[in-house]
Amino acid sequence: MEWQLMALIMFAVMLVLLFLGLPVSVALLIMVLFGFVVFVDPALGVNHVINGFFSSIAKFTLTPVPLFILVGNLMFHSGVAMRSINCISKWMGSIPARLSFISVAAGTFFGAISGSTLASFSLLASILYPEMRRQNYSKAMSIGPILASGGLAMIIPPSALSVFYAAIAQISVAGILIGGIGPGILMAVGYSSVILLRVAINPSQAPKYEFEKISWRERFHSLAVDLLPAAFVTGLMLVFILFGITTPTEAAAVGFVASLIVVIGYRNLTWDVIKKTVTSTMETTGMIFFITITAASYSQLLAHTGISTGMVKWVIGLGLTPIVTVIAMLILVVILGTFMDQVPIMMVTIPFFLPIIEAFGYNMIWFAVMMLIALQIGMTTPPFGLGLFVVKGVIPEIKVKELYAAAFPYLLSDAAVITLLLLLPDIVLYIPGVMNLI
Amino acid sequence: GETADDAGEPEEEPAEETEETTEEPAETGEVITLEAVSYWSAHLKDNIPLHYFVDKVNEELGDRVEIVMLGGPEVVSVPDQAEALNTGVIDFLYFPADFYIPYVPEIDALKLSKVSPLEMHENGAHEFFDQLMQEKGNAKYFGQMNVGPEWFGIYTDTKIESIDDFNGMIFRTIPAYEAFLQKLGIECTRLSWEELLTAMDRGTIDGFAHSISGGFDIGVHEAADYLVKPFFYYGAASLLMNLDAWNSIPDDIKPEIERIAYEAQEYGFEWAAEEYNRSIEGMIGAGLEIIELPPEDAEQFLVTAEEAGWEEIAARSPENVDRIRELLTK
Amino acid sequence: MSDKNRKEKHHNTPVHRVLKWIIELPDKISFQMFLASGLVCVSLGFIVFTSSMTRYFMNKPIRGIYEISGYCLFIMTFLAIPFLLKTDKHVSIEAIKEMFSPRVQKYLDIFNMAVCFPLGLLIFVYSSVMTYDLYKSGLILFDTIEPPRYIFMFFVMLCFLIFALIALKKLITAIKEIRNLDGDSSTAGRNQTT
Ligand code: NA
Ligand code: NA
């Protein structure tokens, strides 16, 4: 059978199942079973898929995924992350749109400790939003920055999704993690510019308010007591990697132990915290890994039936310039991101994208980081997005239209960052290059 | 609608055959299509002897048998390849045969061979392994291609001066030579390939072993300063075919395929030697320094490698170890 | 209505209690499995940390940690999957579904569980046979530990057995709910749109 026909049948089956609201993992599993039985081997298809479960998931390179998520959740549920927000707040003087800037700063800082966007969104929305509302911040200046900066956790290392990407794409874990530092900072700068611009145009969106004057002594005290212990988690991981005590992958376990030490140090390790942390970690991990299992079969099915090669040849045959193709891919990711979760998008598109990127001779890490930013946009674009769900959970009365309006300017900032990376790949590649990772 | 091709098949087959062929979309039942998968990704040179085999079969027997190259690990992931061949999801598999150890533990002994894969056809070793493969592994064995002696080398950042220097070092390993490295007093750890460079750079590990061949292309020399001589073990990529697929081929074609496989082995043996030299020269050119162990140490090194290997085989297959040792020793 | 009365009457008979216990068993097991998966996850962190420490500070890597970490990832996933089905934590695309009326959405729920149940059953049956075959043949995994493979296949079997049972239970619940919806669909509709 022609690959076009097979592709059409399989994608049609999958899309129908997905749109009917079947879990992504289940829809993929059905399509994979169907594809292998019908197009590959009627007798052995099911066994082949089940046999593949083990190798798709029992991979050491995936170890940081649950561990990074665990660290994020532990810091959030134990209140350690809240302490760091308090400290940032004490240091943030009397500037316009103060709370919006705190959101970006906290998102950046927590992003550098946590590898879980879910924990980041929950943290910012549950802690900062009530205060923002009390001070009469507009939606654009409250929900906007929260939605924007929560996503930084998946670009700034550590990041569970970056590790996941590296594992699927079989590229350097350290390379993709470190490659996110430059763009992550740039994104935070972009969000700050948006806030600055908005508050300059319309100061009433973020009214100035009186807050307790804080002495320098207290600021430094808070820095030492509230912020440094949290920074210790990332610091210890970095030290262990630099001294060669662990590899970057193993460092996730160091982060876990360090966060445990910090939480115990605050005497916050209650049974309740443990329960919440482990539950939320396994909810996210189980969901991601079930999709991983099915999606690994899916990409093998595409390769086995010749759909991947056919598609790659077709795209290259279109005669588009490489850079236009890359832009088209990123736009496709953003579009998919409006109604799909990050993990399934990666699993569905990476098997197609990477051979093309490779054929064009582009750097894989560069493309990976840009794609991660495009995926990150998807978390805040309605109707489907992790960030939206969390924010809706905290503010049930918010309307979809308001979310659009609040998030939109920050998405423009992300688009500007991606454009910059397209023009200057060194923003991604410089630091990994210096560290001899690429 | 039976064709002359089926002449060699047993009499009772036709009834079933017609049922099967009517299900096929095209009525070109004469050409049997077989699918091949490789352990190596398509862009790697390691696949060249396989392509020689596939192209030649398609060229010479194309009107009867066609082999389709499906690809590498993107089609069947490496840990699942042996199973896919064993059950028949794929028809040909080109891979390091130690992945077949779960089915045919004796196959591990190929790394200890003193006999070239071509000589194995003369001293009965090839037949012996083929028989084992058919009995235990549901596979037809076509032998090793891309093959050569002194396959693996030890890469390290430490200037090794005697065999005792290995004691207490930490190496990244894979199962093929772990028992040997442990005998040298090396502590073995496993890392993903992607992290090897970082781990060497930061001193997480002191060294690793890797094949000489192919090393230059994937940049092994960038991870270490020295390559220690002597090199050890016979390395190879073997070609297997699912036994049911083999049995379904008309009998008159079977010897033809075996002949082409033998030619591919001849080709592969020569090609591998050139490739081996190209790789080692490339790595030296890129700054990798070769250090030789003193003669007595070198001998002890190789004896230890052999002992460790044969102890493994004895543990894996006590009943066959003596026969195998006889076949693989000149 | 008379149906309902009959149900109440039999509510406390021993047979009913046993039945109830059996019906709730998959939920309970899935929760225990979920707890176990959390335990495996936390252990994974400690195992990997310990092995890096002994390697660096005592020059003694713990053999097999690389493989064991992989086993942990595999086992924790298959222990978690059924509970996530029970609590609706498997991510899905709600956007299209939400455009339909609550009644149609309920039908979609029925459809989804009517798909999940046979799927779970299919994989359970296949993996049972595969577990048995692997147990009989004694096939090992090709790594430095070389464990028997049936151990891992067993977790697939367990996972999809519970998965299928939970799907079945949700299917029955959804069918019951759609019957109730006939009576008061207007209020349900109002609840859904907020
Ligand atoms: Na964002
Ligand atoms: Na992060």
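A: Start with charge pairs. The count is 37 salt bridges over all chains. Keep in mind that this is a predicted model.

Q: How do I read one salt bridge, say the one between the side chains of B:Lys56 and B:Glu263?

A: The general idea: look for a side-chain nitrogen of Lys or Arg within 4 Å of a carboxyl oxygen of Asp or Glu. Here B:Lys56 and B:Glu263 meet with N to O at 2.6 Å. Next, ask where each partner sits. B:Lys56 is in helix 2 (residues 48–61) of chain B and B:Glu263 is in helix 10 (residues 254–285) of chain B, so the bridge ties together parts 207 residues apart in sequence.

Q: Is B:Glu263 buried or exposed?

A: Buried means under 20% relative accessible area. B:Glu263 has 19%, so B:Glu263 is buried.

Q: Which residues join B:Lys56 and B:Glu263 in one network?

A: Follow the shared partners. Salt bridges link B:Lys56, B:Glu60, B:Glu256, B:Arg259 and B:Glu263 into one network.

Q: How far apart are the closest N and O atoms of B:Glu119 and B:Lys330?

A: They are 3.6 Å apart, and the pair forms a salt bridge. B:Glu119 lies in the loop between strand 3 (92–95) and helix 4 (120–123) of chain B, and B:Lys330 in the segment after helix 12 (321–328) of chain B, so this pair ties together parts 211 residues apart in sequence. Check accessibility again. B:Glu119 is partly exposed, at 29%. B:Lys330 is exposed, at 73%.

Q: Which residue of chain B forms a salt bridge with C:Glu67?

A: B:Arg190 does, with the closest N and O atoms 2.5 Å apart. This pair crosses between chains. C:Glu67 is in helix 3 (residues 65–86) of chain C. B:Arg190 is in the loop between strand 7 (187–189) and helix 7 (196–201) of chain B. C:Glu67 is buried, with a relative accessible area of 6%. B:Arg190 is partly exposed, at 21%.

Q: Now the interface. How many residues of chain A are in contact with chain C?

A: 57 residues of chain A are in contact with 53 residues of chain C. The two chains bury about 4900 Å² between them, and 83% of that is on carbon and sulfur atoms. A:Phe54, A:Phe60 and A:Met282 supply 13% of the area that chain A buries against chain C, more than any other three residues.

Q: How many salt bridges are there between chain A and chain C?

A: The count is two. A:Glu250 and C:Arg55 meet in a salt bridge through their side chains, N to O at 2.7 Å.

Q: Which helix of chain A gives the most to the side that touches chain C?

A: Helix 14 of chain A does, with 12 residues. By class, that side of chain A has 41 nonpolar, 12 polar and four charged residues.

Q: What coordinates the sodium ion (ligand 1)?

A: The donors are A:Ala148 (O), A:Tyr191 (OH) and A:Gln376 (OE1), at 1.9 to 2.5 Å. Their spacing is A-x42-Y-x184-Q. A:Ala148 lies in helix 8 (residues 139–150) of chain A and A:Tyr191 in helix 11 (residues 181–201) of chain A, so the pair ties together parts 43 residues apart in sequence. A:Ala148 is buried, at 5% relative accessible area. A:Tyr191 is buried too, at 0%.

Q: And what coordinates the sodium ion (ligand 2)?

A: Five donors do: A:Gly111 (O), A:Ser114 (O), A:Ala153 (O), A:Ile156 (O) and A:Pro158 (O), at 2.1 to 2.5 Å. Along the chain they follow G-x2-S-x38-A-x2-I-x1-P. A:Gly111 in helix 6 (residues 98–111) of chain A and A:Pro158 in the loop between helix 8 and helix 9 (160–169) of chain A are 47 residues apart. Both A:Gly111 and A:Pro158 are buried.

Technical notes. Residues numbered from 1 in each chain as written. Chains lettered and ligands numbered in written order. Predicted model: local features only at pLDDT ≥ 70, side-chain atom pairs only at ≥ 80, totals over all residues. Heavy atoms only, no water. Donors = N, O, S within 2.8 Å, 3.2 Å for Na, K, Ca; no water. Helix = DSSP H or I, 4+ residues; strand = E, 2+ residues; numbered from the N terminus. Buried < 20%, exposed > 50% of the residue type's maximum accessible area, 1.4 Å probe, protein only. Contact = heavy atoms within 4.5 Å. Buried area = accessible area lost by both parts, 1.4 Å probe. Nonpolar A, V, L, I, M, F, W, Y, C, P; charged D, E, K, R; others polar.
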